[in-house]
Amino acid sequence: MTFDLKKILVLMPVLFFLNCAAFPDPVTSKNRNKLKIEEKRIRLTFTGFYRYESEKEIIFDYIKKQGLIEDQSASSSLEVILQKKDPKYQYPFLHKVQFLLTFFSGGIFPSHIRTEQSLTFRYSRSDEILFENEYSVGMDQWRGIPVIILMITNWPNRIYKEQLLEVTKLEMTQ
């Protein structure tokens, strides 16, 4: 049995980067205000979605389904802000060792990656901020060959879109 080194070197990154499963955290809220804007016409602005166009469209469609109408001349505005947070690992050194072990084993040993974001809904009228609600979303991602079966139902992009839609539903129902 002979091994072609070029094929093995091409196969390693494919196995390493395509085997990923995500497990979401519960959505948490930081600033919950009961005050609501009564107007149905609002200026709608999305900030921080430069890499997340499909997620932006999902949020925009849900907001429109709730009866809000986008009007750039309206005095009231809603700014939806997506911010990435730096993940905090309990044991950073162990995380780095685990990542290297995954890489050098070709994905046999899975590695853990933590992602955290916040989604903020900021309401204002005539450039005066009335209130804002901030939600935290996060997930634990596992990469490696042993998670191939889990990636079918727990693909990170799908989990992330579901979390952002859940946050938008929470915001629009209060």
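Why does E116 count as buried? In this predicted model, in which local features need pLDDT of at least 70, side-chain atom pairs count only at pLDDT 80 or more, and totals for chains, interfaces and linings use all residues, the answer lies in the relative accessibility of E116, which is 17% and therefore within the buried class (buried means under 20% relative accessible area, exposed over 50%, and partly exposed in between, with a 1.4 Å probe and protein chains only). Residues are numbered from 1 along each chain as its sequence is written, and side-chain values use heavy atoms, with hydrogens and water left out.

The chain has four helices and seven strands, where helices (H or I, at least four residues) and strands (E, at least two) are DSSP runs numbered from the N terminus. From the N terminus on, these elements follow the order α-β-β-β-α-β-β-α-β-β-α. Buried residues account for 36% of the 174 residues in the chain. The accessible surface comes to about 11000 Å², and 61% of this surface belongs to carbon and sulfur atoms (areas from the Shrake-Rupley method with a 1.4 Å probe; for residues, only the protein chains shown count as cover). Among contacts (heavy atoms within 4.5 Å) between residues at least 6 apart in sequence, 82% join residues at least 24 apart.

E116 is found in strand β6, which spans residues 111–125 and is largely enclosed by the rest of the structure, because twelve of its 15 residues are buried. Strand pairing (at least two bridges found by DSSP between two strands) links β6 to strand β5 (residues 76–85) in the antiparallel sense over ten bridges, with Q117 in β6 as the bridge partner of K84. Strand β7 (residues 128–143) also pairs with β6 in the antiparallel sense, over 15 bridges; within this pairing S111 stands opposite R143, and S124 has I129 as its bridge partner. The two strands form a hairpin with two residues between them, and S126 in the turn has a positive phi of about 50°. Strand β2 (residues 28–29) is joined to β7 by two bridges and runs antiparallel to it, S29 standing opposite Y135.

Around E116 itself, residues up to four places away in sequence being left out, the contacts comprise Q83, K84, K85, D86, P87, K88, V137 and G138. The side chain of E116 also makes a polar contact with the side chain of R114 at 3.0 Å (a pair of N or O atoms within 3.5 Å; within protein, one must be able to donate a hydrogen and the other to accept it, and residues adjacent in sequence count only if both atoms are side-chain atoms).

Helix α4 (residues 156–173) has 18 residues and should span 26 Å at 1.5 Å a residue, which agrees with the 26 Å between its end C-alpha atoms (the expected span is 1.5 Å times one less than the number of residues). Its buried residues are P156, I159, Y160, Q163, L164, V167, T168, E171 and M172. Helix α3 (residues 92–104), with 13 residues, reaches 19 Å from its first C-alpha to its last, close to the 18 Å expected, and just after α3 a positive phi of about 75° is taken by G106.
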